[in-house]
Amino acid sequence: MRTFRPESTQAGFNMTPMIDVVFLLIIFFLVASHFSNQENAVEVDLPKTTEGKEMEMDESPRLTVSMPTEGEMYIGMKSVTESEIKEILRKEKARWKDDFELRIRTYRKLPYAEVEPIMLMAAEAGVYDVQFAVLQE
């Protein structure tokens, strides 16, 4: 009986699965960075402060409402109304329970009367972790 003996007995690595994994990781990080940047997609001239603490970058679920001018409200890059914000707050609070937080980004000279309805909507929905985005002087 004859046996087949290749001239070279070196074992090789199949690189295809590793290349697939690397490309999947690249795509994942590109998509993840895109979503994290959407929170700050709308340009807002934030108020300045000398006090406060820097927020840690964590993975807790949050909704960011941006108010670049009087009467305008955005979630991500989408323009929304007060009724849409109220509904989103209610749904997200039911989904995430106590871990959910609201971040408000407002124009530095926006009157409090424009921000108050959002805070009242958050309280009605049971969202008590409300934060304001500011710039440190």
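Reader: Where is the place of Leu102?
Author: Leu102 sits in strand S5. Helices (H or I, at least four residues) and strands (E, at least two) are DSSP runs, numbered from the N terminus.

Reader: Before we go on, where does the model come from?
Author: This is a predicted model: local features need pLDDT of at least 70, side-chain atom pairs count only at pLDDT 80 or more, and totals for chains, interfaces and linings use all residues. Residues are numbered from 1 along each chain as its sequence is written, and side-chain values use heavy atoms, with hydrogens and water left out.

Reader: Back to Leu102. Buried or exposed?
Author: Leu102 is buried, because its relative accessible area is 0%. Buried means under 20% relative accessible area, exposed over 50%, and partly exposed in between (1.4 Å probe, protein chains only).

Reader: Which residues touch the most other members of the largest nonpolar core?
Author: Val65, Ile85, Leu89, Leu102 and Ile118 do, out of 18 residues in that core. A nonpolar core is a set of buried Ala, Val, Leu, Ile, Met, Phe, Trp, Tyr and Cys residues joined through side-chain atoms within 4.5 Å.

Reader: Which elements give two or more residues to this core?
Author: Strand S2 (62-67), helix H2 (82-96), S5 and helix H3 (112-125). H3 gives the most, with five residues.

Reader: Let's zoom out. How many helices and strands does the chain have?
Author: Three helices and seven strands. From the N terminus on, they run α-β-β-β-β-α-β-α-β-β. The chain has 137 residues, and buried ones make up 26% of them.

Reader: New topic. How many salt bridges does the structure hold?
Author: Five. A salt bridge is a side-chain nitrogen of Lys or Arg within 4 Å of a carboxyl oxygen of Asp or Glu. One of them joins the side chains of Glu124 and Lys86 (3.7 Å, N to O). That pair links distant parts of the chain, with Glu124 in helix H3 and Lys86 in helix H2, 38 residues apart.

Reader: Is Glu124 buried or exposed?
Author: Glu124 counts as exposed, at 61% relative accessibility. Lys86 is partly exposed, at 32%.

Reader: Which residue does Arg90 meet in a salt bridge?
Author: Glu87, at 3.1 Å, N to O. Arg90 and Glu87 are three residues apart in helix H2, so about one helical turn separates them. Arg90 is partly exposed, with a relative accessible area of 45%. Glu87 is partly exposed too, at 35%.

Reader: What about Arg95, which residue does it meet?
Author: Glu92, in a salt bridge of 3.8 Å, N to O. This pair is also three residues apart in helix H2, so about one helical turn lies between Arg95 and Glu92. Arg95 counts as exposed at 55% relative accessibility, while Glu92 is partly exposed at 21%.

Reader: Arg105 next. Buried or exposed?
Author: Arg105 is buried, because its relative accessible area is 6%. Arg105 lies in strand S5 (residues 101-106).

Reader: What joins the side chains of Arg105 and Ser66?
Author: A polar contact of 3.0 Å. A polar contact is a pair of N or O atoms within 3.5 Å; within protein, one must be able to donate a hydrogen and the other to accept it, and residues adjacent in sequence count only if both atoms are side-chain atoms.

Reader: Last one. In which helix is Ile26 found?
Author: Ile26 is in helix H1 (residues 16-38). Ile26 is partly exposed, with a relative accessible area of 42%.
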